[in-house]
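Visitor: Could you walk me through this one? I'd like to start with the aromatic side chains.

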Amino acid sequence: MSRQRVYSVDTLAIMERFFVAYEMCRELGLIENVGDFCRSINANPPHFYAQRKRRERGYFEVGWLAPLVRLGVSAEWLLTGQGKILVK
């Protein structure tokens with residue numbers, strides 16, 4: 001079990017945008033299922049669900065952003081909230 005972390009305000013905002021983009025990619029059919037996505041970010045699905053439910057959990061890693069960027073999510077939007085969500 002991961003211990004709780006005290007994330008910075010910026011990290012919490014990035015994490016929130018990550019989960020917004022993840023859900024959008026699911027709705028668009030770019031991500032088929034959570035299991036495949038978790039394998040792509042090297043995370044256990046229960047850890048992914050726990051992090052999504054409670055942001056202070058200590059599972060989130062910046063590397064989780066990379067697969068979304070490869071799917072066309074804007075890295076600038078993920079990191080800053082500026083610009084459009086999708087670039088492709």
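Visitor: Are Phe18 and Phe19 buried or exposed?

Guide: Both Phe18 and Phe19 are buried, where buried means under 20% relative accessible area, exposed over 50% and partly exposed in between, with a 1.4 Å probe and protein chains only. This is a predicted model, in which local features need pLDDT of at least 70 and side-chain atom pairs count only at pLDDT 80 or more, while totals for chains, interfaces and linings use all residues. Residues are numbered from 1 along each chain as its sequence is written, and side-chain values use heavy atoms, leaving out hydrogens and water.

Visitor: What does Phe18 form with Phe48?

Guide: Phe18 and Phe48 form an edge-to-face aromatic pair, 6.3 Å centre to centre with 75° between the planes; rings of Phe, Tyr and Trp (its six-membered ring) pair if their centres lie within 6.5 Å, and planes under 30 degrees apart count as stacked, over 60 as edge-to-face and the rest as tilted. Phe18 lies in helix H1 and Phe48 in helix H3, so the pair ties together parts that are 30 residues apart in sequence; helices (H or I, at least four residues) are DSSP runs, numbered from the N terminus.

Visitor: Switching to cysteines, how many disulfides are there?

Guide: The count is zero disulfides, a disulfide being a pair of cysteine sulfur atoms within 2.5 Å. For Cys25, the nearest cysteine sulfur is that of Cys38, 14 Å away.

Methods. Helices (H or I, at least four residues) and strands (E, at least two) are DSSP runs, numbered from the N terminus.
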